[in-house]
Amino acid sequence: MKIRKGDTVVIIAGKDRGKRGKVRRAWPDEERVVVDGLNMIKRHSRARRAARQAGIIELEAPIHVSNVMLVCEKCGNPTRVSFRFLDDGKKVRICNSCQEMID
Ligand SMILES: [Zn+2]
């Protein structure tokens, strides 16, 4: 997947469009990520046995990777990513904006 845990991304769709955040979790199979503090949803919850107070809690909702763009650490631009194989066979991500290796 083009986006991984720990990446900085910018949201390109929805109410948080234009905001940046760090990817906290990634689900490659579903092509979804959770970005710290973004795409919040409100959940109404009842007090449960163990934890959590009753009331409204805010959670980050997973967002599809097509709705985010990777922000390149090298050039700071939101960018598309391409892949390249190194001589040792390792697959790395390349910033399409500055052509630098991201990994
Ligand atoms: Zn770059």
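**View 1. Strand E7 and the lining of the largest pocket.** In this predicted model, strand E7 (residues 68-71) gives the most to the lining of the largest pocket, namely three residues. Strands (E, at least two residues) are DSSP runs numbered from the N terminus. The pocket has a volume of about 210 Å³, a volume being the space filled by probe spheres set on grid points joined across faces, edges and corners. A pocket is an open set of points on a 1 Å grid over the protein atoms alone where a 1.4 Å probe fits, with protein on both sides within 12 Å along at least five of seven lines; lining residues have an atom within 4 Å of a point. The lining residues are Lys2, Ile3, Ile12, Val65, Ser66, Val68, Met69, Leu70, Thr79, Arg80 and Val81. By class, seven are nonpolar, two polar and two charged (nonpolar: Ala, Val, Leu, Ile, Met, Phe, Trp, Tyr, Cys and Pro; charged: Asp, Glu, Lys and Arg; polar: the others, Gly among them).

**View 2. Strand E7 within the open sheet.** Six strands form an open, antiparallel sheet in the order E6-E3-E2-E1-E7-E8; two strands pair if DSSP finds at least two bridges between them. Strand E6 (63-64) and E8 are the edge strands, each pairing on one side only. Strand E1 (residues 8-11) runs antiparallel to E7 and is joined to it by three bridges. Val9 has Leu70 as its bridge partner in E7, and Ile11 has Val68.

**View 3. The hairpin of E7 and E8.** Two bridges pair E7 with E8 in the antiparallel sense; Val71 has Pro78 of E8 as its bridge partner. Six residues lie between the two strands of this hairpin, and Gly76 in the turn has a positive phi of about 75 degrees.

**View 4. The zinc site.** The SG atoms of Cys72, Cys75, Cys95 and Cys98 are the protein donors of the zinc ion, at 2.2 to 2.3 Å from it (donors: N, O and S atoms within 2.8 Å of the metal, 3.2 Å for Na, K and Ca; water is not among the atoms, so sites may look incomplete). Along the chain the donors follow the spacing C-x2-C-x19-C-x2-C. Cys72, in the loop between E7 and strand E8 (78-79), and Cys98, in the segment after strand E10 (91-95), link distant parts of the chain, 26 residues apart. The arrangement is tetrahedral because the four donor atoms subtend angles of 103 to 118 degrees around the zinc ion (four donors, all angles between 85 and 135 degrees).

**View 5. Accessibility of Cys72 and Cys98.** Cys72 is buried at 2% relative accessibility, whereas Cys98 is partly exposed at 26% (buried: under 20% relative accessible area; exposed: over 50%; partly exposed: in between; 1.4 Å probe, protein chains only).

**Notes.** Residues are numbered from 1 along each chain as its sequence is written, and side-chain values use heavy atoms, without hydrogens and water. Local features need pLDDT of at least 70 and side-chain atom pairs count only at pLDDT 80 or more, whereas totals for chains, interfaces and linings use all residues.

Technical notes. Helices (H or I, at least four residues) and strands (E, at least two) are DSSP runs, numbered from the N terminus. Four donors count as tetrahedral if all angles lie between 85 and 135 degrees; four count as square planar and six as octahedral if opposite donors are over 155 degrees apart and all others between 65 and 115; anything else is irregular.
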